[in-house]
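Please find below a note for a colleague who is meeting this structure for the first time.

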Amino acid sequence: MRTKVIIFFILINFNVVNATTFSIDSNKILKNLRCLVCQGQSVADSNSDFAQTIKIVVKDQINEGKSEKEIYDFLIEKYGEWIVYKPPFNKVNFVLWLFPYIALVSGGVIIFLFFKKRDNH
Amino acid sequence: MLSNIGNTLLFLNILLGISIIYFSFQNLKNNKVIISKNIYHICLFQSTFIIICFFTLVTAFIVSDFSIITVYQNSHSLKPFLYKVTGTWGNHEGSLLLWVIILTIFSFLFLLYNKHHAKNYRIYSLIVQNVLILGFLFFLLFNSNPFSIILPIPKEGLGLNPILQDPALAIHPPLLYIGFVGSSIYFSAAIASLLTNYSGKLFAKSIKTWVLVSWTFQTLGILAGSIWAYYELGWGGFWFWDPVENASLLPWFAMSALLHSLIVLEKRNLLYFWVIILCLLTFILSVTGTFLVRSGILNSVHTFANDPSRGIYILIFLSLMIFVSVLLFFNKFKNSSYNLSSNSKETFILINNWFMIFYLITVLIGTVYPIFTEVLTDHKVSVGPPFYNTVIIPIIVLFLLFMSVGPQTGWIKNKSYNLNLLFRILIGSIFINFCIVYLFKGYSLLSNFIIISAIFLVISSLIDLYKSYKNLKIDSPRVVSHLAFGFLILFIGINYNFSLEKDFNLKLGEKKNFENYSVEFQDLKLQDFKNYKAVIGEFKINNFKENSNHSLYPEIRIYENPSTITYEASIRSGILKDYYITMSNIDRSDYYNIKFQKKPFMMWIWISVIFISLGGFLRLYKNAKKNY
Amino acid sequence: MQKKIIKSSIILLIIFIIGVFFVGLNKSSIYDTKNLVGKKISKIQLEHFAENRIITENDLKKNDFTLINFWASWCGPCREEHPILIKLNDEKNLKLLGVNFKDKKSNALAFLKDLGDPYDDLARDELGKHSINFGIYGIPESILINKNLVIIKKFIGPISKNDYDDIKNIVR
């Protein structure tokens, strides 16, 4: 009975969840782009000339219907991977993305094995 | 003259440090039980001299003695008095002097406060700590001397960066240094403990207070930095996962893990070697952080000016520290039999450590990854907020749930959980989240989980708080910190999902309408100040839903010494939300680029962090009361 | 034995990490796009400065080598490099395409009148949008491409004497 109540509440909750719009979010893209002439600012936060130009280009590409990935790929081709803050998931970068989770799982395994030994005594 | 005093004192302190080490070894060889008085005296002199040395530098800044390079490069006679003083540590050399002071004072205090502990343990702690002090003193005297002279004496200074003239930033280094520089003392104590095969329980008792102090101040130091970033940097955020920010966060993760494991070590004499690792790791991370920031190896918003020799020195020092720690640890490590049940509070503390290490590894890897790609593949990659947020946030959901259940678990072997209560709290959390979504607006699935688990922690902690009020068996410092942490995540989640950001161009007299707001560019003034000129805009923010309006005054500041332009945000902080506006001019145009933001609950984010550290202070107070 | 392996691997790992840091110290932390060479420029659509037409890839394929130079009248270093551009005009296999960046026509013309016009062709990018297509992030910046529109060399900042010699060697 208790489980049913919980499931009911969970369902209500997520029915009302208004998943963020599927339309492309220009602010999210601009926040993911690095201003190349600034000292550690995103294009969204920068007022530099370069940032303003990129803002125009990104808005144009969104209007042309380009997807987020296409915009990033375009800019990476022109400026290198340095320009995006979210490292693309490729052969080299998969180490970066997976290592934390491998560490997490390893830690869990170590703790689990640790207790398995104790509880068996 | 001041320069000579400073240099003399530094040199004297090197001699004192060497003599402390010498006499300490003498003390080890003799069979007396107590430490000889002359060591105490030398330590007292050491602390006194370094404090005088520091005040010498402060004086140089106050009187604007430009014969000293550090003062010349970082100060100006027109600087307000407060910022002349705080400018002392707002630069590489001065802040290193602050490092040395904390190392020295902590060394002396640790000696004094550990009178009930074994002599050899205390002596070795003193020796190791003084080796660290000497290392930094040599660095200071021969590479980054704050008292170096410049001739001919310049008439005026180059001025402190205007962005650094801020109260939050002024207090940020001292707070942080008591934090991660203070962790040096339990690094030294850990080595001493290994060398003397000291008892785990006694070791825990010895360093407990120090870990608490450093953790509490580190928390406040990080808060000060975030507050500064929010008010000064003008982008409306408070955390950017910039390498310098990460450098302060890494030791914090280690300290938090250590704080929790110490409880187990003290209470049940378990996890001794793990605690040793954490003690060594914390200070190693502190020095690593300082290396990453001062060597110029990473690109960041607020690195100090670059000088490769600094990097090399710090890296050599760091390498020696790491090798000595690792080799000594391997030498002394003993596998011991544990009596640990999986259903116990000890397990949950291990789980806390497990998650802390995960956060630590994630932030560490993200920060140093660009160095590896550049060295190994000659390719520059950026690792920014999207990486850290994507990797860490989902895991926080689980972390919050464990944080709620852990404290309710009994030691050694837990009797049973009040599953009924837990279920009810879960339903309550889901219901509250549902209300938020229903009454306001929905958000992503992940945000739902975050907010539900944050509320879960908050409710659990509130119930604990109520229990502790009714009877005294609950640990109130822990409840305060955990409750505050729950609130912190909750407020950050709400702030993130309900923030509004609008970037548009406006001419004087124009108005921009969007959602239920209008922003009107009402006035533009040019004003002259003591060391800058300001272009001040007046904007009226109208909130139609609440029928309120506020005026905000963002500025464009033009400084002369050094010649810089800064954009000052105008912030109206309220109980429920902040309004945030920045204005910048567009070259060759009448238009100004305006960024308007509405940020809910900003103030509560700061208050939550203050309460997290308050838990630390409460525990320190309670411990002190117990001992006296 | 297993313990020895674990211990040695940890020590080796630490040595490796510290080694990387040592090497990393010598690398500059300032980023530039000089190494982004070897790629082909695809869509070129530049508004001609004076004439009512669009300069496209086909125009550039006619040249053996093209140096695309991004400049503006309000840019100080552009004045510095201008004499070198004039000299480069003498190279037979090299054509100069100037792109006037976020500038007023009158100011640009005055600049060229003052310092000379080295450009075989002149385009303008009033909003600066099209320069993104070339990977430009500041001015002056120049790109040397060949007949197949492959980027041979990028010049960030004003073209120096050394750059001039490099270009001469390449386009011989």
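1. The structure is a predicted model. The descriptions that follow should be read with that in mind.

2. Chain A. This chain contains 5 helices and 0 strands. Read from the N terminus, its elements follow the order α-α-α-α-α. Chain A has 121 residues, of which 43% count as buried. Where contacts in chain A link residues at least 6 apart in sequence, 41% of them join residues at least 24 apart.

3. The largest nonpolar core. This core holds 183 residues, and the members that touch the most others are W99(B), F203(B), I207(B) and Y359(B). Helix α13 of chain B, residues 345-377, supplies the largest share of the core, with 15 residues. A second, separate core has 41 residues, including L122(C), F134(C), I139(C) and L144(C).

4. The surroundings of I207(B). Neighbours within four places in sequence are set aside here. I207(B) is then in contact with F110(B), Y121(B), Y186(B), A189(B), L262(B) and C279(B). Two of these partners return in point 6, where F110(B) belongs to α5(B) and Y121(B) to α6(B).

5. Helices α2 and α5 of chain B. Helix α2 (residues 37-62) and helix α5 (residues 92-113) of chain B pack at about 155 degrees, and their axes are 9 Å apart. Because this angle is over 145 degrees, α2(B) is roughly antiparallel to α5(B). The crossing of α2(B) past α5(B) is left-handed. On the α2(B) side the contact includes I39(B), Y40(B), C43(B), L44(B), I50(B), F54(B) and L57(B).

6. Helices α5 and α6 of chain B. The helix α5(B) also packs with helix α6 of chain B (residues 119-142), at an angle of about 165 degrees and with the axes 10 Å apart. This angle makes α5(B) roughly antiparallel to α6(B), and the crossing of the two is left-handed. From α5(B), the residues in the contact include H92(B), E93(B), W99(B), L103(B), F106(B) and F110(B). From α6(B), they include Y121(B), R122(B), Q129(B), N130(B), F136(B) and L140(B). The contact of α5(B) with α6(B) comprises 16 nonpolar, 6 polar and 2 charged residues. W99(B), in this contact, was named in point 3 among the residues that touch the most other members of the largest nonpolar core.

7. The cis peptide bond in chain B. L151(B) and P152(B) are joined by a cis peptide bond, with omega about -5 degrees. P152(B) is found in the loop between α6 and α7 (167-181) of chain B.

8. The cis peptide bond in chain C and its setting. The bond from I139(C) to P140(C) is cis, and its omega is near 5 degrees. P140(C) belongs to the loop between α5 (129-133) and β6 (141-146) of chain C. Is P140(C) buried or exposed? P140(C) counts as buried because its relative accessibility is 3%, and the cut-off for buried is under 20%. Apart from neighbours within four places in sequence, P140(C) is in contact with F70(C), C75(C), P77(C), C78(C), E81(C), F155(C), I156(C), G157(C) and P158(C). As for Q45(C), P140(C) is 95 residues from it in sequence and 20 Å from it in space, C-alpha to C-alpha.

9. Positive phi in chain B. D378(B) is not a glycine, yet its phi is positive, at about 55 degrees. D378(B) sits in the loop between α13 and α14 (385-405) of chain B. With a relative accessibility of 53%, D378(B) counts as exposed, because the cut-off for exposed is over 50%.

10. Positive phi in chain C. L149(C), likewise a residue other than glycine, has a positive phi near 65 degrees. The loop that holds L149(C) runs between β6 and β7 (151-156) of chain C. Is L149(C) buried or exposed? L149(C) is buried, since its relative accessible area is 2%.

Terms used
Residues numbered from 1 in each chain as written. Chains lettered and ligands numbered in written order. Predicted model: local features only at pLDDT ≥ 70, side-chain atom pairs only at ≥ 80, totals over all residues. Heavy atoms only, no water. Core = buried A, V, L, I, M, F, W, Y, C linked by side-chain atoms within 4.5 Å. Buried < 20%, exposed > 50% of the residue type's maximum accessible area, 1.4 Å probe, protein only. Helix = DSSP H or I, 4+ residues; strand = E, 2+ residues; numbered from the N terminus. Contact = heavy atoms within 4.5 Å. Axes fitted to C-alpha atoms, helices over the stretch in contact; angles between N-to-C directions. Parallel < 35°, antiparallel > 145°, perpendicular 65-115°, else oblique. Left-handed = near helix turned anticlockwise from the far one by under 90°. Nonpolar A, V, L, I, M, F, W, Y, C, P; charged D, E, K, R; others polar.
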